[in-house]
Amino acid sequence: MPRYTTAAMRLELRWSDVEEVAAAAATWLVGARLEVDLDALRALLAADARLGAVRLDLVHPGERVRIGRVFDVIAPRARLDGEDFPGVLGAVARAGDGRTLALAGVAVVATDQQTDNVGTLAVIDMAGPTAALSAFGSTHNLVISAWPAPGAGRSDYLAAVRLAALKAAVHLARAAGEREPDRVEVFALPPSPRVPAECAHLPRVAYVFQIHSHQRPTGLDEGILYGDPVRRMLPTIVHPNEVLDGAVLRGFMGRSVTTWAIQNHPVIRALYARHGRALWFAGVVVTVAQATEPERVRSAFLAAGLVAHALGADGAVLTKIGGGAPHVDMAQAAAQCEALGVKTTVVVEDMSTDGSAEGMLLFDLPGVDAMVNVGSSQEPLTLPPMDRVVGADDLVPRLQGQTRATYGTLCGAIEQVGATRVMAEVR
Amino acid sequence: MDARPLRVVCYVNQYFGTLGGEDRAGLGPQAMEGAVGSARAVQQALGEAGTVVATLACGDNYAAEQPERAVAELVRLVAAAGPDLVIAGPAFLAGRYGVACGALCAAVQAELKIPAVTGMHAENPGVELYRRQVHIVSTGGEAARMGDEARRLVALGLTLARGETPGAPAVEGYFPRGVTRNVVTAASAAERATAMLLDKLAGRPFASEVPRPAFPAVPAPRLVKTLEGATIALVTDGGLVPRGNPDGVEPLNATRYGAYSIEGKTGLDAAQYDNPHRGYDTSWVKQDPHRLVPVDVARELEQQGAIGKLHETVYSTVGVATTLAHSARMGREIADKLREAGVDAVILTST
């Protein structure tokens, strides 16, 4: 079937395991040791006119270090057969098909040195009990501190910071070069309607991925879907491989979701893991949370229509990004799915601001009765004292000692796309 | 391990304290040395782990008819015995007894900072009254399995006395207190969501991790007048405040609202208003406040006679991450003020 072959998407993640990261005179991967020429990388990142000074720090699991002013985390990836982070770093082109280099055990951490509103930023702990709550407490982290060039506006600065992190992520992954990967992970999904006869009995499951919330309008340079700031985006279908391969980046808003989690998308992975056995992965619908009721209603039934009518799904998993409006937006889309006979589970955050079970949800819609939660970001959490603070020189007095914070402050503890193992339990 | 044996005080009613039946229900609070009546089952369950140093008893009617006085007297008796843990009941289906157990445990925890635990049947009114504040072990309706139930009370009590956090309600056998607490699970949320969906698709039972809220339905009251004769008020949770936010309405998780006069105004001047709301993009409202609070149109309708009168006070708060308790309170207070002012109907703009 030639048409079948050309339309199939096949992504190879070629993983190299990294157990050690060190500064060196050249960037390359020797066994499980990643050597990084920090000077050359710094020069590459500092070439952006929107940035002034750039500093790079390497921090390692087990070190008594707290990373402050965390803005986003990127997984090191480099595509061998296409553009990297297309539409933002590389030219606009499809991602998700071909070979991509990936480093396990390493992450690039972007910090925000501009905002005074540090309450919106997160921290990462490299040791102690709080390190175990986040994926980034056990990765070797390249921390980028980049200061704005004089006159750089907020949106320009954040776009430059993110671009620097993407460049660094590609730069590190390219160090794996031609060498044989430690593992090759293959993600191959044929076009949605083509189900082999032996799998025809499996329930068809779609994933509805809310990729942004219009609670805050996106900046012009705030590329989220293939570089598009998704300002007027209506629900649309993408192949899950596109999400895994850099087509979707987190916007500049807030905490509780990282680009890293999207590149390693846990729902897409969970559906792939059961694909062909317990279910048939029917595809991904991307949506944005809308700011007004007519937009929300329109988006909800359009998303449900794609799930039910275009993908022909029997079931759907839905996740949200952001706060209360996205939470309700997701639930409305789920209710529309249920109304079309598509069974749903939704991944919610515990929205209670006083720790009461009554306040966990902001909706009660017909059929939306299967809910998994990613914990309460408001629950207090004590961060232990550390020896050193990285990425937030100005906040050392506040961050180095024992600090009262919340789960939401700890980057990676709560990932709204479902990567987290933190859960709010009703007691 | 702390070598000192745990000091436990038990609380019982007149019947379980073997002081008498309904005829002695008016008995006031009293302290007896050691384990008396059903407290002996508690002592047996404690074994070497602790000693029941005193058994407090109070008649059911005494506790039910003057609860505040009874609890205050009992708390003083508890304080005098200086325990590490208070175990009340179990009260099974005995309503007056259950309520007294719940009230005493709540007071002991709050005033003496001493951990307390009680037990009763799901239908005991004490459960609904006190399960949010007190760990209440679920028991049968009658004292048929006293030994076993005392053991479960003691196990949970010992956990609390050690300053440890008890496990989930279903595991430890107590009624959910309706509070949430972050725990770490074996599988990620994404894996659990996928597994739950497959259960739902196959028609298998599944346990949602979030209880659906029981939002009571509020039927909209009928306007008994014609609009032409009605006084209409404007109320919003969209966060419009006079510049400077004089009432300090919080940008999220609000506990305050403001009452702002529009007397003599045919519209709202954008320069005089601000919006601290952090739940939506407020730039359009800041540009023109009428997008949220339509004083301009409402005045026109008033002048045309389409509505009787526009109420001269606008109520405004910020509705984002607001607790249910504060929302209900603010709503009630605003509604009371509107009713007092003779307002017939409200246009409530939300965002």
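How much accessible surface does chain A have, and what share of that surface belongs to carbon and sulfur atoms? The accessible surface of chain A comes to about 14800 Å², and 55% of it belongs to carbon and sulfur atoms, where accessible areas come from the Shrake-Rupley method with a 1.4 Å probe and, for residues, only the protein chains shown count as cover. This is a predicted model, in which local features need pLDDT of at least 70 and side-chain atom pairs count only at pLDDT 80 or more, while totals for chains, interfaces and linings use all residues. Residues are numbered from 1 along each chain as its sequence is written, chains are lettered from A and ligands numbered from 1 in the order in which they are written, and side-chain values use heavy atoms, with hydrogens and water left out.

**Chain A as a whole**

- The secondary structure of chain A consists of nine helices and 22 strands, counted as DSSP runs numbered from the N terminus, with helices being H or I over at least four residues and strands being E over at least two.
- Chain A is as compact as a globular protein of its length, because its radius of gyration of 21 Å is close to the 22 Å that the globule rule gives for 427 residues; this radius is taken over C-alpha atoms, and the rule is 2.2 Å times the number of residues to the power 0.38.
- Taken along the principal axes, the C-alpha atoms of chain A fill a box of roughly 55 × 55 × 40 Å.
- Of the 427 residues in chain A, 62% are buried, a word that means under 20% relative accessible area, as against exposed at over 50% and partly exposed in between, with a 1.4 Å probe and protein chains only.
- Among the contacts in chain A with a separation of 6 or more, 79% come from residues 24 or more positions apart, a contact being heavy atoms within 4.5 Å.
- Chain A carries 39 positive and 46 negative side chains, and the centres of these two sets lie 2 Å apart; Lys and Arg count as positive and Asp and Glu as negative, without His and the chain ends, and each charge is placed at NZ of Lys, CZ of Arg, CG of Asp or CD of Glu.

- Although A:F187 and A:L13 are 174 residues apart along the chain, their C-alpha atoms are separated by 8.1 Å.
- Leaving aside neighbours within four places in sequence, the contacts of A:F187 include A:L13, A:N241 and A:Y272.
- A:Y226, in the loop between β13 (204–213) and β14 (236–238) of chain A, has a positive phi near 50 degrees in a residue other than glycine, and it counts as buried at 17% relative accessibility.

**Chain B**

- The domain assignment of chain B gives domain 1 (6–172) and domain 2 (227–349), with bounds that come from an automatic or database assignment, and 49 Å separate the centres of these domains, taken over C-alpha atoms.
- B:T139 sits in the loop between β6 (135–138) and α6 (146–161) of chain B and is buried, with a relative accessible area of 7%.
- Not counting residues up to four places away in sequence, B:T139 touches several residues, including B:P90, B:H121 and B:R152.
- B:P90 lies in the loop between β4 (85–88) and α4 (95–112) of chain B, and the peptide bond from B:G89 to B:P90 is cis, with omega near 10 degrees.
- B:N245, in the loop between β9 (241–242) and β10 (257–261) of chain B, is not a glycine but has a positive phi of about 45 degrees, and this residue is buried, with a relative accessible area of 18%.
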